[in-house]
Protein chains: 2
Amino acid sequence: MQLLEERILRDGRVYPGNVLKVGGFLNHLIDERLLDEIGKEIAARFCEQNVTKIMTIEASGIAIACAAAHYMHAPVLFAKKSKTSNVSSDCFSAQVVSYTHNNTATVIVDKEYLLAGDRVLIVDDFLANGAAVRGLMSLVNQAGATLVGCAIAIEKGFQNGGAELRAEGVRVESLAIVESMTDDTLTLRKQK
Amino acid sequence: MQLLEERILRDGRVYPGNVLKVGGFLNHLIDERLLDEIGKEIAARFCEQNVTKIMTIEASGIAIACAAAHYMHAPVLFAKKSKTSNVSSDCFSAQVVSYTHNNTATVIVDKEYLLAGDRVLIVDDFLANGAAVRGLMSLVNQAGATLVGCAIAIEKGFQNGGAELRAEGVRVESLAIVESMTDDTLTLRKQK
């Protein structure tokens, strides 16, 4: 997606440890026009899949999931990190290891909101090793729902999450793929 | 806002401890049509305020902030809970006590993204005692930005956050106000 790729090249910042900071337009301060275009693009790629739920994990996936929902006319279900008093004990749960935050989170969804008949599109801002997507896929499987695919804003193509998922037959659509990063340079993979 | 009020009365569930569960349409599973109407309504109420940033706290405020942003053509800035390696150390921070989660969180925003010239609209899903709004107001003050007002989906009118803010001259627009809740009943305040 050209608009996102241009923005990453212009405003993305690379930090040690393969951290790509896009907080200026995607996951802290959010450019609402870019967000809208991302939603439109995801909807265009999955419009014929009869998606019934758009799933993500709090927090930074929510904006992108809602932007897609606006154009796909499907509800958003976001998995929550850890249990709160507002969530029923009747939950599906999965463990997600975050390398960025250096911790493991339990993510949950209320069983009432994820059903065997659902056709689920997983959405997230980043795909690196695939831990978050795997956690969401586990929730989808537990519900007996159907996974339609994954829509990712930025894939780190030099980590193996995306390649492994595709090798397993999961449809992964990444709007931008970072081929390589060093402290000075950032190269995007050419996509059709 | 009639659509939201009707939905609360139909699908909201009251739990002991004044917990109103709206996870079926607002803050776990999100009805994208309702969300869109909420965004439209917030935009209509604040359209003449030249809002430059729509601020919220992760996670459940993000969807509503993005829906408003879509119609207000302003970016969303969401305060993050606790520090991650993706956020610069140059942050404004504030403490927020959550009675729902029974903890205190440090919320932060990158100083780069909240500026003295900003006209800020605070958005959140719930207003009860006002702790989250107070935390966001502190961040706005630290930046020297201007607070335009607060747009809340559901205010618990029997708690004092909204009344106190209005008494201080803060413009608080709540799309639905719960007047009282018991285990069996939920009464909404009549609004013009």
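Q: How many residues of chain A are in contact with chain B, and with how many residues there?
A: In this predicted model, 33 residues of chain A are in contact with 34 residues of chain B. A contact here requires C-beta atoms within 7 Å.

Q: Which elements supply the side of chain A that touches chain B?
A: Strand 2 (19-21), strand 3 (29-30), helix 2 (32-46), helix 3 and strand 5 (76-81) of chain A each give at least two residues. Helix 3 of chain A has the largest share, six residues. By class, the side of chain A that touches chain B holds 16 nonpolar, ten polar and seven charged residues.

Q: What makes A:Cys66 count as buried?
A: A residue is buried if 20 or more other C-beta atoms lie within 10 Å of its own. A:Cys66 has 30 such neighbours, so A:Cys66 is buried.

Q: Where is A:Cys66, and what does A:Cys66 touch?
A: A:Cys66 lies in helix 3 (residues 61-72) of chain A. Leaving aside residues up to four places away in sequence, A:Cys66 touches A:Val76 as well as B:Ile30, B:Leu35, B:Ala63, B:Cys66 and B:Ala67.

Q: What joins strand 5 of chain A to strand 3 of chain B?
A: Two bridges join them, and the strands run antiparallel. Pairing needs at least two bridges, so these two strands pair. Within strand 3 of chain B, B:Leu29 stands opposite A:Leu77.

Q: Why is helix 1 of chain B called oblique to helix 2 of chain B?
A: Helix 1 (residues 2-11) and helix 2 (residues 32-46) of chain B pack at an angle of about 140°, with axes 9 Å apart. Angles over 145 degrees would count as roughly antiparallel, and 65 to 115 as roughly perpendicular. The angle therefore makes helix 1 of chain B oblique to helix 2 of chain B.

Q: Which residues meet where these two helices of chain B pack?
A: B:Leu3, B:Leu4 and B:Arg7 of helix 1 meet B:Leu34, B:Glu37 and B:Ile38 of helix 2. This contact has four nonpolar, no polar and two charged residues.

Methods:
Residues are numbered from 1 along each chain as its sequence is written. Chains are lettered from A and ligands numbered from 1 in the order in which they are written. This is a predicted model: local features need pLDDT of at least 70, side-chain atom pairs count only at pLDDT 80 or more; totals for chains, interfaces and linings use all residues. Helices (H or I, at least four residues) and strands (E, at least two) are DSSP runs, numbered from the N terminus. A residue is buried if 20 or more other C-beta atoms lie within 10 Å of its own, exposed if 12 or fewer, and partly exposed in between; C-beta atoms are placed from the backbone. Ala, Val, Leu, Ile, Met, Phe, Trp, Tyr, Cys and Pro count as nonpolar, Asp, Glu, Lys and Arg as charged, and the others, Gly among them, as polar. Axes are lines fitted to C-alpha atoms, for helices over the stretch in contact, and angles run from 0 to 180 degrees between N-to-C directions. Angles under 35 degrees count as roughly parallel, over 145 as roughly antiparallel, 65 to 115 as roughly perpendicular and the rest as oblique.
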